[in-house]
Amino acid sequence: MLPIINRGTWSRVHAYQKMLSEFMKLPGEKQIVSVGSGLDTTFFYLKLKFPKVGLKFVELDFEEIVTKKMNIISKNATLAKMKEDAGDSYLVIICDLRDTSKLSEMFGKAKLDPKVQTFIMTECVLVYMEPKHSRALVNFCGSYFENVAILNYEMINPHDALGKVMVENVKARGCKLLGLQEIDTIEEEEKRFTNAGFTKVKGITMLEFYNKYADEGERQRIEKIEIFDEFEEWNMLQSHYCLVLGSKGNIPLTL
Ligand SMILES: C[S@@+](CC[C@H](N)C(=O)[O-])C[C@H]1O[C@@H](n2cnc3c(N)ncnc32)[C@H](O)[C@@H]1O
């Protein structure tokens, strides 16, 4: 991968790890729900980083992806042992996120407690769904949990030249960004969460995240690993991705 792409991936992972680490340090019981989790390995990262913290971690995705992930975990002795040790506190559940009528029962069966402080990850997922479906999903999450934060990362600004290339590139890989034409700005992003009952909502571009919020020491470290000088391109590219944090109830996380 090109250095400019790798730095963007680092920034995205850093954003989630930074916010999740703050969440893990909060006192009390904790739940994390990763919506459209794909092959993401956050559960294992957090278990290794915070071995003593009690955590319920639930992932949701299509059957094909869940089966693939389970195969990968079962073939790796370390991951398989961690999964086994976690028992019911780590669940990977098959579901179609568009069918919100089933979510309440599913969350109940997974023993996700509406009163326990909860962090919801929607990392590059909602943008693949039609706005009516992503809004229904966000509405459900906002109403099910009493103390909840949601961190969303995805593409924005599809209408300029770079935005159009971004949409075409994803299409060429066989995927459609079904939400992007309508939820296309930071303001629209914020509205989706505010309308769902999240009382504190803030969205920023990933350029702003990298420049203002990323850990300074870590930034200096990774900038020496892969060097590039296409700063105009970097600034443009990072302005096409956003990070939105919504919360309600008693969750002291901020952007
Ligand atoms: C681009 S991947 C992101 C995966 C992961 N969140 C990450 O950041 O590495 C999008 C994921 O959302 C899942 N997804 C999209 N629409 C879904 C739906 N309607 N129901 C369940 N999963 C869905 C896909 O299967 C895929 O695993």
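Modeller: C124 counts as partly exposed, with 16 C-beta neighbours inside 10 Å. This is a predicted model, in which local features need pLDDT of at least 70 and side-chain atom pairs count only at pLDDT 80 or more, while totals for chains, interfaces and linings use all residues. Residues are numbered from 1 along each chain as its sequence is written.

Colleague: Why does C124 count as partly exposed?

Modeller: A residue is buried if 20 or more other C-beta atoms, placed from the backbone, lie within 10 Å of its own, exposed if 12 or fewer do, and partly exposed in between. C124 has 16 such neighbours, so it takes the middle class. C124 lies in the loop between strand 4 and helix 6 (131-144), helices (H or I, at least four residues) and strands (E, at least two) being DSSP runs numbered from the N terminus. C124 also has a positive phi of about 60 degrees, although it is not a glycine.

Colleague: Why is K111 called partly exposed?

Modeller: K111 has 13 other C-beta atoms within 10 Å, so it too is partly exposed. K111 sits in the loop between helix 5 (103-109) and strand 4 (117-123), and K111 has a positive phi of about 60 degrees without being a glycine.

Colleague: And what makes M166 buried?

Modeller: M166 has 20 C-beta neighbours inside 10 Å, and is therefore buried. M166 belongs to helix 7 (residues 161-172). Leaving aside neighbours within four places in sequence, M166 is in contact (C-beta atoms, placed from the backbone, within 7 Å) with M155, P158 and H240. The C-alpha atoms of M166 and H240 are separated by 8.8 Å, although the two residues are 74 apart along the chain.

Colleague: What makes strand 1 largely enclosed by the rest of the structure?

Modeller: Strand 1 is largely enclosed because 6 of its 6 residues are buried. Both faces are covered, with K30, I32 and S34 on one side and Q31, V33 and V35 on the other. Strand 4 is likewise mostly covered, 7 of its 7 residues being buried.

Colleague: How do you know that strand 1 and strand 4 pair?

Modeller: Two strands pair if DSSP finds at least two bridges between them; strand 1 (residues 30-35) and strand 4 have 5 bridges, in the parallel sense. Q31 stands opposite T118, and I32 stands opposite F119. Strand 4 is also joined by 6 bridges to strand 5 (residues 148-155), again running parallel, with V148 as the bridge partner of T118 in strand 5.

Colleague: Which elements make a right-handed β-α-β unit with strand 4?

Modeller: Helix 6 and strand 5 complete that unit. A crossover is right-handed if, with the strands pointing away from the viewer, the path from the first strand over the helix to the second runs clockwise.

Colleague: Which residues have the most contacts inside the largest nonpolar core?

Modeller: They are V35, I120, A149 and I150, in a core of 49 residues. Strand 5 contributes the largest share of this core, 6 residues. Such a core is a set of buried Ala, Val, Leu, Ile, Met, Phe, Trp, Tyr and Cys residues joined through C-beta atoms within 7 Å. Not counting residues up to four places away in sequence, A149 touches F23, F119, L245, G246, S247, I251 and L253.

Notes: Two residues are in contact if their C-beta atoms, placed from the backbone, lie within 7 Å.
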